[in-house]
Amino acid sequence: MHIIDIYQTLLSHFGEQGWWPMQRGFSPKGWEVCLGAVLTQNTNWRNVEKALANLKNSGILGYGDILKTDIHKLARLIKPSGYYNQKAKKLHELAGLVSRYKNISEFLRTIQRDELLGVKGIGKETADSILLYAGSRAHFVVDAYTKRIFSRLGLLSSEADYDEIKCYFENNLPRDVLLYKEFHALIVRLGKDVCRKKPICDLCPLSDICDHDTF
DNA sequence: GGCCAGGACACCA
DNA sequence: TGGTGTCATGGC
């Protein structure tokens, strides 16, 4: 079974996951997606939504607003998302980077992955999430589920590092932004909804192609 | 009351 | 480079 068939299997089983604006080009919500990408680090999305709501209710949603806001106030507003002291600094730094561009559209269209990785607190997964979901650029996002599931399917070495896994997906899938977006969301869904909670699971959409005892 | 979530980084050997 | 500790809230 080819990797694209796994995608199709997951999509028909779970349906579209509705993660962030599912469009190919620039989204006016681009900066909001950047905020979400940082706030969701090791954090449940529900808590991220609370933090975003606090920012919105305080009128602090744009990167200019973030930049003007005192770091302690920022931390207090994003408290529900956890790690609030660290994340407040990260948002501040990211907003500073964006402000050096003409506007958010220009930032998302031209920012290089290495520049994002240069921001303290933005690692590979967050950088790729920003590039893919906010910038609609063809960077596949790898997370712990991706590594675990696909190495146990025998498609990846368990030793493979982040960039190797990213290359594997990008080299074996059509270069399609919407496909990348949906596939990553589906992998996360599979990882938490099926494989973790029910180690031996008849519902697993990959039961035909894997030994799901190992998930 | 424990576990985990749409991670990253500093520190150490 | 690989392992470990730290950051932290809220839902189940």
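User: With helices taken as DSSP runs (H or I, at least four residues; strands are E, at least two) numbered from the N terminus, at what angle do helix 2 and helix 9 pack?

Analyst: Helix 2 (residues 30-39) and helix 9 (residues 124-134) pack at about 155°, with their axes 9 Å apart. Axes are lines fitted to C-alpha atoms over the stretch in contact, and angles run from 0 to 180 degrees between N-to-C directions. This is a predicted model, where local features need pLDDT of at least 70 and side-chain atom pairs count only at pLDDT 80 or more, while totals for chains, interfaces and linings use all residues. Residues are numbered from 1 along each chain as its sequence is written, and chains are lettered from A and ligands numbered from 1 in the order in which they are written.

User: How are helix 2 and helix 9 oriented to each other, roughly parallel or roughly antiparallel?

Analyst: Helix 2 and helix 9 are therefore roughly antiparallel (over 145 degrees; under 35 would be roughly parallel, 65 to 115 roughly perpendicular, the rest oblique).

User: Which residues make the contact?

Analyst: Helix 2 contributes Gly30, Val33, Cys34, Ala37 and Val38, and helix 9 contributes Thr126, Ser129, Ile130, Tyr133 and Ala134 (contact: C-beta atoms, placed from the backbone, within 7 Å). Their classes are 7 nonpolar, 3 polar and no charged (Ala, Val, Leu, Ile, Met, Phe, Trp, Tyr, Cys and Pro are nonpolar, Asp, Glu, Lys and Arg charged, the others, Gly among them, polar).

User: What domains does chain A have?

Analyst: Chain A is divided into domain 1 (3-18 + 140-214) and domain 2 (30-134), with bounds from an automatic or database assignment. The contact takes 8 residues from domain 1 and 6 residues from domain 2.

User: Which helix gives the largest share on the domain 1 side?

Analyst: Helix 12, with 3 residues. That side of domain 1 divides into 6 nonpolar, no polar and 2 charged residues.

Methods:
Two residues are in contact if their C-beta atoms, placed from the backbone, lie within 7 Å.
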